[in-house]
Amino acid sequence: MTDVASAGGGPGASGIHSLWTVAADAGDKLQAPSIEYGKLSPVLIVLGAAALGVLIDAFAPRKVRYSAQLFVTLAGLAAAFAAVIGLAASGVGTTKAQIAGMGALAIDGPTLFLQGTLLLVGIVGAFTFAERRLEPAANGSRVDSFAAQPAAVPGGEGEQQAVKAGWTTTEVFPLLMFAVGGMLLFPAANDLLTLFIALEVFSLPLYLLCALARRRRLLSQEAAVKYFLLGAFSSAFLLFGTALLYGYAGTVNYSAIARVVSGADATSDPVLADTTGNDALLLIGGALVVMGLLFKVGAVPFHMWTPDVYQGAPTPVTGFMAAATKVAAFGALLRLLYVVLPGLRWDWRPVMWGVAILTMLGGAVVAITQTDIKRLLAYSSIAHAGFLLAGVIATSEDGISSVLFYLGAYSFVTLGAFAVVTLVRDAGGEATHLSKWAGLGRRSPLLAAVFAVFLLAFAGIPLTSGFAGKFAVFKAAAEGGAGALVVVGVIASAIAAFFYLRVTVLMFFSEPQADGPSVAVPSVMTTSAIALGVVVTVVLGVAPQYFLDLAGQAGVFVR
């Protein structure tokens, strides 16, 4: 063979020579990628702070890690939020919206709105992560909600020595930052591979965080394993759907797939003309990608992980995850359905109708039977995912803006509610069984009143952010031709109001138990998280118009 090639004879030699020529020409034309670093600055700042946090934990002395990690985390999140505000002020969210990162990311109104919300959620979440006054001091050192030595066997000698030494797991801060960084990318992704990478970047830190509870270690580790296994299934669905859509369209880019779906590109490429005739690739691929996102949303029937993970994870992680994951996942779902698959609207709308109805009714009905406050809030979050899906189904600009507003309002109510849960404690840690909350209004009237405000917001009572959010999504759904879905949503809201009011009645109109739990006095961090939740709940309920207008201005995707 070598002789033939050297002699320059035969068709094989000419073929090899032509390949060499093409490769050389391509090398001459290779250009460096053009990256808009300014447009990507919020993500870069957060991931840079996360990397710095890893270095701090690796090289800094143990006694300075906590304060250094907290400073880097809050400074990074605040700087990233300032970058989002700067981009929005310069018109990037409206008139200057663009595709960045070599087509991988879309920087537009929904992206900036959701990124700003996620960064605020991250700041409040960092406050609850940093709380060190709720657990009894160990060896004279204040400790937080996370395991002293996560790698040690629960109850083993290694854990006992770590507890005795008063160690704290400061690795939770860079894990939080990596999760936020992935979430910032998730709703901005403009191709399916970037979507998958962002999904893994924020999911893997959450799997670890769920296993780090200081109390009830085995329950926490069980929650993490369940979340990891079911999360792996959802990632597999999304990746396999990506492969099928690539087989259908010959690309993973959102707008290019949309053009192929609409038939605009089918005639220009003879290969595409053959593959686009196979609608099975398109329908099955689109369904699998949507399934992967519905898992992160917590929609029925992909909700199985939610109650167990919410109950077993450390409560600060539960609050952050319940708020932030929904914001990121709904942002990605909106972009997928509105940018990639608008041509399949008549195919996916009936399916999403069914998912929304099952999610609203399933979450509301099953929540009635719960006796654990964290599981109750988990099923409540499932019901709220159904209400949000009603706005998604509207398929209009009002639908997008109403979902954005609802996500912003819901996230702060959720953070505040779980922050309150961390304060009600007995000898075993957090007292999450509902019977322990009886008479809480007499033991601590202020805390019970604050929790009642959050419950009323969840129920959608007027003058709370929950009412404004539900009204916005139901109005958009009704105007989009989904009036029957709104009726189901109102019925589900009435069912949900029952168990929210039941908890309120239990707190204020029941006799407190003699051996009931006490209310811990938190530091300024948890106090700030709860106070911010109350302020946002009341302001968005009493005067929502400015924020509705803001969400309306941000409700247009760049294509």
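Student: What should I know before I start?
Tutor: This is a predicted model, where local features need pLDDT of at least 70, side-chain atom pairs count only at pLDDT 80 or more, and totals for chains, interfaces and linings use all residues. Residues are numbered from 1 along each chain as its sequence is written, and side-chain values use heavy atoms, without hydrogens and water.

Student: Where is Thr 73, then?
Tutor: Thr 73 sits in helix H4; helices here are DSSP runs (H or I, at least four residues) and strands are E runs of at least two, numbered from the N terminus.

Student: Is Thr 73 buried or exposed?
Tutor: Thr 73 counts as buried because its relative accessibility is 2%; buried means under 20% relative accessible area, exposed over 50%, and partly exposed in between, with a 1.4 Å probe and protein chains only.

Student: Which residues does Thr 73 touch?
Tutor: Leaving out residues up to four places away in sequence, Thr 73 touches Ala 126, Phe 173, Leu 176 and Met 177, where contact means heavy atoms within 4.5 Å.

Student: New topic: what is the strand order in the open sheet?
Tutor: The order is E4-E3-E5, with antiparallel pairing; two strands pair if DSSP finds at least two bridges between them.

Student: Which strands stand at the edges?
Tutor: Strand E4 (429-430) and strand E5 (518-519) do, each with a single partner strand, so one side of each has no neighbour in the sheet.

Student: And what joins E3 to E5?
Tutor: Two bridges join strand E3 (residues 424-426) to E5, and Arg 425 stands opposite Ser 518 in E5.
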